[in-house]
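Colleague: I would like to learn to read this fold step by step. Where do we start?
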Amino acid sequence: MSLIKKFALSSELFSYYEKDIDVLGVDSLEEIILIIVSELDDLLNKNNLEILSEKLNEGKWHIHGVSLEAIKQESSAAKFYICDHDH
């Protein structure tokens, strides 16, 4: 069984990067952030975009205004945003 939800980065440099994640397989919002940031970091490094990789890893990524349980219970095709701006 899976429960796929869409997550997108909201950032000056990385907005619109999206990934579908099975939230049944995660234990925290931090784990979701790690999954999407790690995947993008791998993509940047594979393409020798080292400065962008550094900027990505300097970000203070967070999901605010929603809990993991609320994400799991959301029945619509909502997109959840992972931001790197102050909240």
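Modeller: Start with the helix pair. This is a predicted model. Helix α1 passes helix α2 in a left-handed crossing.

Colleague: At what angle do α1 and α2 pack, and how far apart are their axes?

Modeller: Take α1 as residues 29-46 and α2 as residues 50-58. They pack at about 165°, and their axes are 8 Å apart. An angle over 145 degrees counts as roughly antiparallel. Therefore α1 is roughly antiparallel to α2.

Colleague: Which residues of α1 and α2 meet?

Modeller: From α1 come V37, L40, D41, L44 and N45. From α2 come L52, S53, L56 and N57. By class, this contact holds five nonpolar residues, three polar ones and one charged one.

Colleague: Now the strands. What holds a sheet together in general?

Modeller: Backbone hydrogen bonds pair the strands of a sheet, and the pairing is either parallel or antiparallel. Here the sheet is open and has three strands, in the order β2-β1-β3. Its pairing is mixed.

Colleague: Which are the edge strands?

Modeller: They are β2, residues 18-22, and β3, residues 79-83. Each of these pairs on one side only. From one strand to the next, the twist averages 35°.

Colleague: How does α1 sit against this sheet?

Modeller: α1 packs on the sheet and touches β1, β2 and β3. The direction of α1 makes about 135° with that of β2.

Colleague: Do β1 and β2 run parallel or antiparallel?

Modeller: Antiparallel, with five bridges joining them. Strand β1 covers residues 4-10.

Colleague: Where does L13 lie?

Modeller: L13 is in the loop between β1 and β2. Leaving out residues up to four places away in sequence, L13 touches L52 and K55. L52 also belongs to the α2 side of the helix contact.

Colleague: How far is L13 from E31?

Modeller: Their C-alpha atoms are separated by 22 Å. Along the chain, L13 and E31 are 18 residues apart.

Colleague: Last, the overall size. What box do the C-alpha atoms fill?

Modeller: Along the principal axes, the box is roughly 40 × 30 × 20 Å.

Colleague: What does the radius of gyration tell us?

Modeller: Compare the value with that of a compact globule. For 87 residues, such a globule would have a radius of gyration near 12 Å. The protein chain has 13 Å, which agrees.

How values were computed. Residues numbered from 1 in each chain as written. Predicted model: local features only at pLDDT ≥ 70, side-chain atom pairs only at ≥ 80, totals over all residues. Heavy atoms only, no water. Axes fitted to C-alpha atoms, helices over the stretch in contact; angles between N-to-C directions. Helix = DSSP H or I, 4+ residues; strand = E, 2+ residues; numbered from the N terminus. Parallel < 35°, antiparallel > 145°, perpendicular 65-115°, else oblique. Left-handed = near helix turned anticlockwise from the far one by under 90°. Contact = heavy atoms within 4.5 Å. Nonpolar A, V, L, I, M, F, W, Y, C, P; charged D, E, K, R; others polar. Pairing = 2+ DSSP bridges. Rg over C-alpha atoms; globule rule 2.2 N^0.38 Å.
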